[in-house]
Amino acid sequence: MPRSPEVTRDDETLRWPTNLDREGIEARLLEVRENARRFGMVEIVRLFENLGSMSAAQIGTNVVAALTLLQSKPGHRPLTMQLEMVAMNLKNLK
């Protein structure tokens, strides 16, 4: 059976997302948080301050809240794309 080409972060899209587990989701959200911190986006930083102690439901709620905040900020598309990828994988949180 032929192997599928390995999907790298540069290749991933919402049509071909990377399958993230909780550890992968948290890693992405840490990146989002630190990038938001660099841009002075305090509201988004706050949403992901205590990732390790959040339930799956809390993480999901905060991802949706962050996406809502970013809707009016088209200049922050890389953050939005990271959050969209996480949102596609929320079902994997345990």
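Helix 1 and helix 4 are roughly antiparallel to each other (angles under 35 degrees count as roughly parallel, over 145 as roughly antiparallel, 65 to 115 as roughly perpendicular and the rest as oblique). Before going on, I noted that this is a predicted model, where local features need pLDDT of at least 70, side-chain atom pairs count only at pLDDT 80 or more, and totals for chains, interfaces and linings use all residues. Residues are numbered from 1 along each chain as its sequence is written, and side-chain values use heavy atoms, with hydrogens and water left out.

**The helix pair**

I looked up the axes of helix 1 and helix 4: they come within 10 Å and cross at roughly 160°. Axes here are lines fitted to C-alpha atoms, for helices over the stretch in contact, with angles running from 0 to 180 degrees between N-to-C directions. Helices are DSSP runs (H or I, at least four residues), numbered from the N terminus.

Next I listed who touches whom (contact is heavy atoms within 4.5 Å). Ile25, Arg28, Leu29, Glu31, Val32, Asn35 and Ala36 in helix 1 meet Leu79, Gln82, Leu83, Met85 and Val86 in helix 4. By class, I get 8 nonpolar, 2 polar and 2 charged residues in this contact (Ala, Val, Leu, Ile, Met, Phe, Trp, Tyr, Cys and Pro are nonpolar, Asp, Glu, Lys and Arg charged, and the others, Gly among them, polar).

Asn89 sits in the segment after helix 4 (77-88). I found Asn89 buried, at 2% relative accessibility (buried is under 20% relative accessible area, exposed over 50%, partly exposed in between, with a 1.4 Å probe and protein chains only). Leaving aside neighbours within four places in sequence, Asn89 is in contact with Thr18, Asn19, Leu20 and Ile25.

**Salt bridges**

I counted 5 salt bridges, each a side-chain nitrogen of Lys or Arg within 4 Å of a carboxyl oxygen of Asp or Glu.

Glu26 pairs with Arg22, closest N and O atoms 2.7 Å apart. Both lie in helix 1 (residues 22-38), 4 residues apart, about one turn of the helix. Glu26 and Arg22 are both buried.

Glu34 bridges to Arg37 at 3.1 Å between the closest N and O atoms. I have Glu34 as partly exposed at 33% and Arg37 as partly exposed at 42%. Arg33, Glu34, Arg37 and Glu49 are linked in a network of salt bridges.

Glu84 forms a salt bridge with Arg77, closest N and O atoms 3.2 Å apart. Glu84 is partly exposed at 21%, and Arg77 is partly exposed at 40%.

Notes
Helices (H or I, at least four residues) and strands (E, at least two) are DSSP runs, numbered from the N terminus.
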